[in-house]
There are 2 protein chains.
Amino acid sequence: MPNAAATVVSRLRAIVGDANVLTAPADVEAYVNDWRGRYHGTTRAVVRPATTQQVSEVMTACADASVALVPQGGNTGMCGAATPDASGEEVVLSLARMRAIRGLDAANATITAEAGVTLAAVQEAAAQAGLLFPLSLGSEGSCTIGGNLSTNAGGTAVLRYGNARDLVLGIEVVLADGRIWNGLRALRKDNTGYDLKQLFIGSEGTLGIVTAAVLKLFAAPRTRVTALAAVVDVSHAVALLRAMKQALGDRLVGFELVSGVALQLSRKHHPDLPDPLPGHPWYALLQIDDSASDAKLAALVEGALAEAVGGGVAVDATIAQSHEQAQRLWALRDNISEAQRREGPNIKHDISVPISAIPAFVDDTAAAIADAFAGAQLVVFGHLGDGNLHYNVAAPPGVEAQSFLSRTRQVNRLVHDRVVAAGGSISAEHGIGQLKREELAHYKAPLELELMRRVKAALDPRGLLNPGKVL
Amino acid sequence: MPNAAATVVSRLRAIVGDANVLTAPADVEAYVNDWRGRYHGTTRAVVRPATTQQVSEVMTACADASVALVPQGGNTGMCGAATPDASGEEVVLSLARMRAIRGLDAANATITAEAGVTLAAVQEAAAQAGLLFPLSLGSEGSCTIGGNLSTNAGGTAVLRYGNARDLVLGIEVVLADGRIWNGLRALRKDNTGYDLKQLFIGSEGTLGIVTAAVLKLFAAPRTRVTALAAVVDVSHAVALLRAMKQALGDRLVGFELVSGVALQLSRKHHPDLPDPLPGHPWYALLQIDDSASDAKLAALVEGALAEAVGGGVAVDATIAQSHEQAQRLWALRDNISEAQRREGPNIKHDISVPISAIPAFVDDTAAAIADAFAGAQLVVFGHLGDGNLHYNVAAPPGVEAQSFLSRTRQVNRLVHDRVVAAGGSISAEHGIGQLKREELAHYKAPLELELMRRVKAALDPRGLLNPGKVL
């Protein structure tokens, strides 16, 4: 008699149908490798349920057979959390077929979407109702709500709207034993016991499988201003952020820091892009929105920036005069990562520190890198409004890329030691997955790791959900 | 040899000093009764530590002796969560001496306060730095940050700023075994594993003792408009809310619903208060803030309200022309509870439902109450912007109050059945404590109660923290 693990695939076929259990190498290839090509696994089968009930039955079948399960959304993660291990024993559970928008309640300003709905589809449904779902990421065309919640995704509007966690009112979860917890509440206030949804958000599929969520919607912006300011150093960028927050309040939706090096790198590979304030060491890119259609927003922003320049906070500033100009300013920022890739490999860090600590952190870390790796190129940019920097280090000129990459661990420690010393986080918005599991064990206080393990044991005592990720 | 429980008080004296261990009945009286006089307990001792280290040692001493502990902040709760039981075995841990503001970081827009700091003191410290801490409650002069976080307090600015949970970046917690978890991070983005702080926020002292917190601050408002609008029914109030959200965006900080009955009751006991829009069945009280000092806020609000009246959404509206007029409009709202108390006892409910479901809920529940208790008086008001109503029922004229109160359970079930049928919460902002423990067990799904118990067992396996509360 075959054992339970050997027969689990046929049981999965009975649940979702043969067409939705993939086992042929060509069929599973897109599911067992991450999109950046950094993580490669194998799998017993990829199973594609279409309903919460099917997810529940799949989880039950796997639990009965003691087979571990890797939940996967759009497979756009940065840390390998959705890639199975090399054992070939794990089942990949793709939520991609769960793409129903179950409802949109305009008066309550909420939308209920299944896990496999893409972020762009949620944004679009909200826009059609005259509302805004503010989460916004580079991968929004293919990343899914389930993945956004499981990783507590960040993005460019966190300054005003918060992370994914802050946009969730309720969730539906399949637990490690296959039972379904219906926590799909659409309430802005509910103090009836422990807020269990918080456990599943950001836990990267290690505590339960998010199958649907109730998300908050907001008044859609009717006017928008995009501006670029030049500053002499990072501490002036921090001062500018503070001045703009006071002058513009909640209208300030995005405040991105871009180093002069990063901006010129972007222009090197996109020479058609503008260089409206040439020759400065640091820039801030601002997005300012207002839901009122007749707000005198441009005048308000102009006045605030003029005051900042007059007061010596900023050196110069410019406001986009058209939607196209605004898009080209954003393209300067958005093309940095691609431009870096074209320049060659680099060692990336997704870090946060208190905003007040950023100037000293940037200076100290640059000096330490210059000491240890003379000539190494720093490309620094990110969401200053959230204290979140993408801090990337490329090889010095003349140093072979692979030889530099072989020192990744040393570079990571140099950067992360300073992050932690400044009270910061070694993963601001990308999560842990496989990539930073060892770093997490190194930097996190033992007591906090112990508490995390106790929570894991309480919700997934047999360790069937996404083993080898996070903890 | 005396057992450990018998000697625990002397051990507590050694930790905090004799003066901070209270046992005389007159000394403990203020700690063993709740402020509304509904809950009465007894205690082995009230212990008043001044530092996190002392809290840790107190917890350790109690754990060694298997003595249960009841954490207490300002003792302003509505549900008896901070009152010990009648056994005389429990120790009350008052955080009132932990009142240091450990730091305020204006550039990071954060404040770090110990648990015993009053909400008003945090607001004041923020204001002195030109910033805003937006949590605002009736009891803000005496309630404490520790209690605010432990109950996930709500209040009048949730529409814009969220509940207490949404205002927290980090916490420090003494665990059930006495160890200190330092989670005092001041980061807006941190995706390094499970977000453990969420477990302790809103768990009413049953999972750990919050000793300090890092809180978010915001740009201070520089302009404010207060307005009153009259509407024909609750569905028009919901439509007005939606229109104002679109027109005013994040400037809309408060949107309170007040029934004509509630407003007239308030005026009956405060005849000096204005009646600017007399004779309507329902009112909305709006607060609109802007951080820009030169915002044309009054004109914007006037335009939006004129459009609402022109479009038949509101019947009439008025804008306060001075700070004093604004205060008097708010006094109409703020005096409702006191006016009700003067009229006699009533059966209160702190409920929420999706905003879109409020009109039908209000109509259906009023009809059901009229059926079951002909002539019963409804006083309905609350935070419509959050879907949160204070739904209070007083005895019909001529019915003796005590006889009506004896039917509290029946009234509760009548109201709460309809709340739950509408997808709502039987405790929107006040929590569970002792008051609603039985209601929670009745209405919460067994699976959710089981998950809550598993979390409790993971963090407080011996049940030493605030037993008999929540679960």
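Reader: Which residues does B:S266 touch, not counting residues up to four places away in sequence?

Author: B:S266 has its place in helix 9 (residues 260-269) of chain B; helices (H or I, at least four residues) and strands (E, at least two) are DSSP runs, numbered from the N terminus. Contact means heavy atoms within 4.5 Å. With residues up to four places away in sequence left out, B:S266 touches B:L273, B:A331, B:L332, B:N335, B:I336 and B:A339.

Reader: Thanks! Before we go on, which pLDDT do side-chain atom pairs need to count?

Author: Residues are numbered from 1 along each chain as its sequence is written, while chains are lettered from A and ligands numbered from 1 in the order in which they are written. Side-chain values use heavy atoms, with hydrogens and water left out, and because this is a predicted model, local features need pLDDT of at least 70, totals for chains, interfaces and linings use all residues, and side-chain atom pairs count only at pLDDT 80 or more.

Reader: Is B:S266 buried or exposed?

Author: Buried means under 20% relative accessible area, exposed over 50%, and partly exposed in between (1.4 Å probe, protein chains only). The relative accessibility of B:S266 is 0%, so B:S266 counts as buried.

Reader: And over in chain A, what is the relative accessibility of A:I145?

Author: A:I145 belongs to helix 5 (residues 145-150) of chain A. Beyond its neighbours within four places in sequence, its contacts include A:V117, A:L119, A:F133 and A:L215. A:I145 counts as buried because its relative accessibility is 1%.

Reader: Why is strand 6 of chain B largely enclosed by the rest of the structure?

Author: Strand 6 covers residues 110-114 of chain B. From this strand, B:T110, B:T112 and B:E114 point one way and B:I111 and B:A113 the other way. Strand 6 of chain B is largely enclosed because the number of its five residues that are buried is five.

Reader: Which residue in strand 10 of chain B is the bridge partner of B:A113?

Author: Two strands pair if DSSP finds at least two bridges between them. Strand 6 of chain B runs antiparallel to strand 5 (residues 101-105), with four bridges, and also antiparallel to strand 10 (residues 209-216), with five bridges. In strand 10 of chain B, the partner of B:A113 is B:A213.

Reader: Which residue takes a positive phi in the hairpin of strand 5 and strand 6 of chain B?

Author: At one bridge between these strands, B:D105 is partnered with B:T110. The hairpin has four residues between the strands, and the one with a positive phi near 55° is B:A109.

Reader: Which are the edge strands of the open sheet in chain B?

Author: Four strands of chain B form this sheet in the order 1-2-4-3, with mixed pairing. Within it, strand 2 (residues 45-47) and strand 4 (residues 91-94) run parallel and share three bridges. Pairing on one side only, the edge strands are strand 1 (21-22) and strand 3 (69-72) of chain B.

Reader: How do the two chains meet, and how many salt bridges does the rule find across their interface?

Author: The contact takes 89 residues from chain B and 89 residues from chain A. Buried area is the accessible area (1.4 Å probe) that two parts lose on being put together, summed over both; here the chains bury about 7000 Å², 51% of it on carbon and sulfur atoms. A salt bridge is a side-chain nitrogen of Lys or Arg within 4 Å of a carboxyl oxygen of Asp or Glu. One of them joins B:R160 and A:D250 (2.4 Å, N to O), and the number found across the interface is 14.

Reader: Which helix of chain B gives the most to the side that touches chain A?

Author: Across the interface the rule finds 54 residue pairs in polar contact (both at pLDDT 80 or more). Such a contact is a pair of N or O atoms within 3.5 Å; within protein, one must be able to donate a hydrogen and the other to accept it, and residues adjacent in sequence count only if both atoms are side-chain atoms. With 10 residues on the side of chain B that touches chain A, the one that gives the most is helix 17.

Reader: Which residue of chain B is in polar contact with the side chain of A:D195?

Author: A:D195 lies in the loop between strand 9 (180-183) and helix 7 (197-200) of chain A. Its relative accessible area is 19%, so A:D195 is buried. Its side chain makes a polar contact of 3.0 Å with the side chain of A:K197. In chain B, at 3.3 Å, the partner is B:R165.
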